[in-house]
Amino acid sequence: MSNSIWRKKPLEAYAADVKNNQLKRVLGKWALTSLGIGAVIGGGIFTLTGIAAHDWAGPALALSFVMAGVACTFAALCYAEFASILPVEGSAYAYSYGTVGEFFAWFIGWNLILEYMMGATTVAVAWSGYFEKLLHLFNINLPIYLTNDPVTAAEKAEKLRAAGEVVPDFAFAFNLPAFLIVWGVTWVLVKGIKEAASTNNLIVIMKVAAVIFVIVVGAFYVDTANWHPFIPEAVIDDSGAQHYGFNGVVTAASIIFFAYIGFDAVSTQAGEAINPTKDIPFAIIASLLICTLLYILVSLVLTGMVKYDTLDLKAPVASAFEGAGLPIAMYIVTIAATAGLTSVMLVMMLSQTRIFLGMAKDGLLPKGLFGAIHPKFKTPWKSTIFVGGIVSVVSALTPIDKVSEMCSSGTLLAFAMICGAVWLLRVREPNIERPFRAPWLPFVATAGILCNLYLMWGLRTETKISFLIWGSLGVIVYFLYSKKHSNLNQKD
């Protein structure tokens, strides 16, 4: 076995992984599709739409969702083919390990850690904000120092005092709702995949119904004048960044790309799918198409109900209905958002632990922590508690600003790499059984690579620098630990 960083995991080893799978296979194609929708419908509609429309795209946010959806579609077709060939947990990490090589796979896995861990943290903070708003609707108001991290709490207190309000002094702040919801989700995930899927299904029904409510009811309050100009004239800020115009639409597409990672989450559940070679491809494509359509319709309704520059950044959907004189809808939307963000967090943390499990099985991460399966619940309980601990503390103590872009950067690169890897496997291993074949692969793969890299290029400079730092840290970890402990290295 070569000691090269490009050594590949033999395809027969994946068959052994499937045979030795210790997880419960309880998820059918619609349960998997529901998990995908559960991860996609949430932060994108209930939070990112406000930021993307208000600051970057205006009414052309619908075009941003089309751009992101098209880029995702190319990647989803490649994901679906890989999932039918290699039905194991690990997602893009596992697929690339068997085709391109170990270092390539490690780098994708490292980016997926960033994607899911920071994504879950962001959603936990967003959930806390909506939960606070929900309590406020029922005249229950928690102290600032119990619903915000120290930095944000201090900023809010200063603004309230400047406005003449009396705010008691506090020595420390802790986002208690974010902390508690993370541990609530962690408990469900440790208990078992069946319980997690059932919880998710219930929430998905609730929030999809709310999204349809937003589209149908909101359509009656659309003023087409709010769509003009559809693409606002470009504006350059003090830092040199362009808002609005075509570049603004592209930047918005890069930001909201974070909202689409749900179909990637579907592929991490292969170890718990009843018929992974058929059901995973179906769920990947179905969840992406359903959610893309809903996103486009919601963005058109929101920017039609109120002028894009008046959308609230934290609760755009609720604010749009309030602006249209429909306060009762605020209750529906706020409840749905609170529940919806819960399921997003659930799927992200679920997916994170399955990525860890796949990497631990290959020896690239410590097996005692990340590969331990609970004897009764059949879940990777140690890594689930580990992820819950990190996410809960970070979400309670850290102000999260534009972190969705960091999540998007890792996702965009992973998607581009997978498009190239599936094409490479077609060339190297043309005779492998492929229950699902991506159509027009040379075009689909090329378009997927170009679209995802183009959107990645549209991210802010600060985000690119942060991503380079994270990537450099991953390279260091690989050479200090993972390369030496790899199962492939043990066979040399």
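Q: Which residue forms a salt bridge with Asp-169?
A: This is a predicted model, where local features need pLDDT of at least 70, side-chain atom pairs count only at pLDDT 80 or more, and totals for chains, interfaces and linings use all residues. Residues are numbered from 1 along each chain as its sequence is written, and side-chain values use heavy atoms, leaving out hydrogens and water. A salt bridge puts a side-chain nitrogen of Lys or Arg within 4 Å of a carboxyl oxygen of Asp or Glu. With the closest N and O atoms 3.2 Å apart, the partner of Asp-169 is Arg-161.

Q: Does Asp-169 count as buried or exposed?
A: Buried means under 20% relative accessible area, exposed over 50% and partly exposed in between, with a 1.4 Å probe and protein chains only. Arg-161 has 36% relative accessibility, so Arg-161 counts as partly exposed. Asp-169 has 72%, so Asp-169 counts as exposed.

Q: How many residues apart in sequence are Arg-7 and Glu-102?
A: Arg-7 and Glu-102 form a salt bridge whose closest N and O atoms are 3.0 Å apart. Arg-7 lies in the segment before helix H1 (11-19) and Glu-102 in helix H6 (residues 102-137), so the pair ties together parts of the chain whose sequence separation is 95 residues.

Q: Are Arg-7 and Glu-102 buried or exposed?
A: Take the two partners in turn. Arg-7 is buried. Glu-102 is likewise buried.

Q: Which residue forms a salt bridge with Arg-434?
A: The closest N and O atoms of this pair are 3.0 Å apart, and the partner is Glu-81. The pair links distant parts of the chain, 353 residues apart, with Arg-434 in the loop between helix H18 (403-428) and helix H19 (441-457) and its partner in helix H4 (residues 61-85). Arg-434 is buried, and so is the residue asked for, Glu-81.

Q: At what angle do helix H2 and helix H13 pack?
A: Helices (H or I, at least four residues) are DSSP runs, numbered from the N terminus, as are strands (E, at least two). Axes are lines fitted to C-alpha atoms, for helices over the stretch in contact, and angles run from 0 to 180 degrees between N-to-C directions. H2 covers residues 29-40 and H13 residues 276-305; their axes are 8 Å apart, and the angle is about 40 degrees.

Q: Which residues of H2 meet H13?
A: Contact means heavy atoms within 4.5 Å. On the H13 side, the partners include Phe-282, Ala-286, Ile-290 and Tyr-295. The H2 residues are Lys-29, Trp-30, Leu-32, Thr-33, Gly-36, Ile-37 and Val-40.

Q: How far apart are the axes of helix H9 and helix H15?
A: H9 spans residues 176-191 and H15 residues 327-361. They pack at an angle of about 55 degrees, with an axis separation of 10 Å.

Q: Which residues of H15 make the contact with H9?
A: H9 and H15 are the pair that packs at about 55 degrees. From H9 come Ile-181, Val-182, Val-185, Thr-186, Val-188 and Leu-189. From H15 come Thr-342, Met-345, Leu-346, Met-349 and Leu-350.

Q: Which helix holds Ala-396?
A: Ala-396 has a relative accessible area of 0%, so it is buried. Leaving aside neighbours within four places in sequence, Ala-396 is in contact with Asn-148, Asp-149, Pro-150, Phe-174, Asn-175 and Phe-179. Its place is in residues 381-397, helix H17.

Q: How far apart in space are Ala-396 and Ala-124?
A: In sequence, Ala-396 and Ala-124 are 272 residues apart. From C-alpha to C-alpha, the distance is 8.7 Å.
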